[in-house]
Every structure is written in C-alpha cells, then in structure tokens.
Amino acid sequence: MALNPEENVDSGPAGEAAAETKPAAGAVFAFTSFKEFLKFVAYVGDDVQIEFAEPVLDSAGAALVQKGVHMRATLQKSLQQFFDRGNLNENIIIADAEALHSALRERICRTLFRCLDVGRFHVAQALVDASQINIQGMLSNVVARRDFLPVLLKLDQSEDPILPHLGEVALVAAGLAEQYCRYANTGAATREIVRYALIGGLLHDIALTDDADFLLNDIEKIAESAHASRSATQAKQLLPDLPAEITDIIEHHHRTGTPYDPETD
C-alpha cells in the first residue's frame, strides 16, 4: 500500500494539522495486491465508506464497481470470487475521502491512547486531565498529518508493540511540557513547546519498531543499544522537515549518570 505524498493537510511539522479541514484531494491509497487491499479493508472495518478513485475492473476491462461505495462484506466476497478466478485487475486505488481519513485517525488513536483506558493508573491520565490544552486533540491532529499517517498506520496495522508506548510517552511529555509552560509563564510559545514535546515523544523510540522485547533489549540497556540516536536519525529520514528541536529531544531523551537530576546534561 502506498500513500501519495504530493498533497499535505497542514502547515508543517510544527504546525497544527488540519483535522477540521478536508483531506487533500490528491492523496490516494494504492494497492497492487488484492490480498493487501482486503487486509486494509478488514483493518478499517467494513462499515467505513471507501471511495474508489477509479472503477474496479475485471480482466476484460469491464467495471465491476464504480466510484464511491461502501465496502460491505457482500461486496468483499464478490470481489474475492472474481479475484480467485483470475478475473480481477489487482490495481485498486482508494481516494483519501474524509470518512476514511477520520476512521484511520480514530483507529490509530485508540491504540495510542491505550494508557488512558478506564482502570489503568498512570501519570498520563493525570497530566491530560490537568492540562489546559487539549492534548488528546493535539495528538489526533498530528496523527492526521499526511507525513505522520503512513508511519503510524503501518505500525498499527502490524500491531507493533511500540505504538502504545509511543502514545503514552507523547501524552506524558506534552502534559509535563504544558505544566512547565503554565508555571514558567511562557505565554504565546506554550502551544509550540507542548507540540514539540508531543511529537518528540511520539517518535522517541521509533528505531525500536519490530522488536517485541524492546523494553528488555533496548530501554533497559540504553548504553549498549544507542537507540536514542538511532531513533533521531530514523525520525529525520521518515520526516525530512522535522525541526532540529524535535530531533534533539529524541536524541537526548535518555540521560546518563544521574538520570533524574535536572541539572545533569
């Protein structure tokens, strides 16, 4: 699956993502494997409207499905039957419609916000509740960004265990930043500082993807793993326009020596 990167929905890595704005008209999801297309449909749920950018054709070039339809279970079954008989063109393109874009964001956020589930006791919930900024809304906006969505979508689809950790740390980092800004009276810079902290938290361990034992292998062995610097490098590769202030947060998110001494560099 590929996401067309030519259109953006926000003003840059430090800007507010346009969650209230319709997704860019030129952005599409393209599939060259029918199996991957069905996996994507199963991921988003068959009750979500999927708008085909082009008709789905059979091998003779006849249109099986026109533009703008719901992916109902009956339709999936029919397409699967055509595919199994070798009568279906595998190239399927989905327009990035507003409903689909929102569904993807909400699905990913359910994983990112797992630390806020009822019954869990953690500092993230307290910080989110105490903040005067809608941190959950800010994180949802970041998820909706054209450059962030493919990264987080891939992690959520593969059920990578790092994703809930990234979400929890993002909320904690943003909450702590908001508390600091409130008492330091930073004024107009508050939202930018909180956003930088949130994005840094969201990407701080990005190099640990595909590692089911990341807590044991890397975080408890920070000196050996060097995952902080690797995460900073990978974040810059994934998001070339990421501000240097954010990559600096990622690179230095682990302290050495006396970890909890605020005066330690």
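Trainee: Among contacts in the protein between residues at least 6 apart in sequence, what percentage join residues at least 24 apart?

Mentor: The share is 69%, where contact means heavy atoms within 4.5 Å. Keep in mind that this is a predicted model, in which local features need pLDDT of at least 70 and side-chain atom pairs count only at pLDDT 80 or more, while totals for chains, interfaces and linings use all residues. Residues are numbered from 1 along each chain as its sequence is written, and side-chain values use heavy atoms, with hydrogens and water left out.

Trainee: What makes α8 and α12 oblique to each other?

Mentor: Helix α8 (residues 190-203) and helix α12 (residues 244-251) pack at about 50°, their axes lying 9 Å apart. Angles under 35 degrees count as roughly parallel, over 145 as roughly antiparallel, 65 to 115 as roughly perpendicular and the rest as oblique, and α8 and α12 are therefore oblique.

Trainee: Which residues of α8 and α12 meet, and what are they by class?

Mentor: From α8 come Tyr-196, Ala-197, Ile-199, Gly-200 and Leu-203, which meet Glu-245, Ile-246, Ile-249 and Ile-250 of α12. By class, this contact has 7 nonpolar, 1 polar and 1 charged residues; Ala, Val, Leu, Ile, Met, Phe, Trp, Tyr, Cys and Pro count as nonpolar, Asp, Glu, Lys and Arg as charged, and the others, Gly among them, as polar.

Trainee: Why is helix α6 called largely enclosed by the rest of the structure?

Mentor: Buried means under 20% relative accessible area, exposed over 50%, and partly exposed in between, with a 1.4 Å probe and protein chains only. In α6 (residues 148-157), 7 of the 10 residues are buried, so the helix is largely enclosed by the rest of the structure. Those buried residues are Phe-148, Leu-149, Val-151, Leu-152, Leu-153, Leu-155 and Asp-156. Across the protein, 46% of the 265 residues count as buried.

Trainee: How do you know whether Glu-159 is buried or exposed?

Mentor: Glu-159 sits in the loop between α6 and α7, and because its relative accessibility is 70%, Glu-159 counts as exposed. Its phi is near 55°, a positive value in a residue other than glycine.

Trainee: And what is Ala-173 called on that scale?

Mentor: Ala-173, which lies in helix α7 (residues 162-184), has a relative accessible area of 21% and is therefore partly exposed. Ala-173 and Leu-127 are 46 residues apart in sequence and 9.2 Å apart in space, C-alpha to C-alpha.

Methods. Axes are lines fitted to C-alpha atoms, for helices over the stretch in contact, and angles run from 0 to 180 degrees between N-to-C directions. Helices (H or I, at least four residues) and strands (E, at least two) are DSSP runs, numbered from the N terminus.
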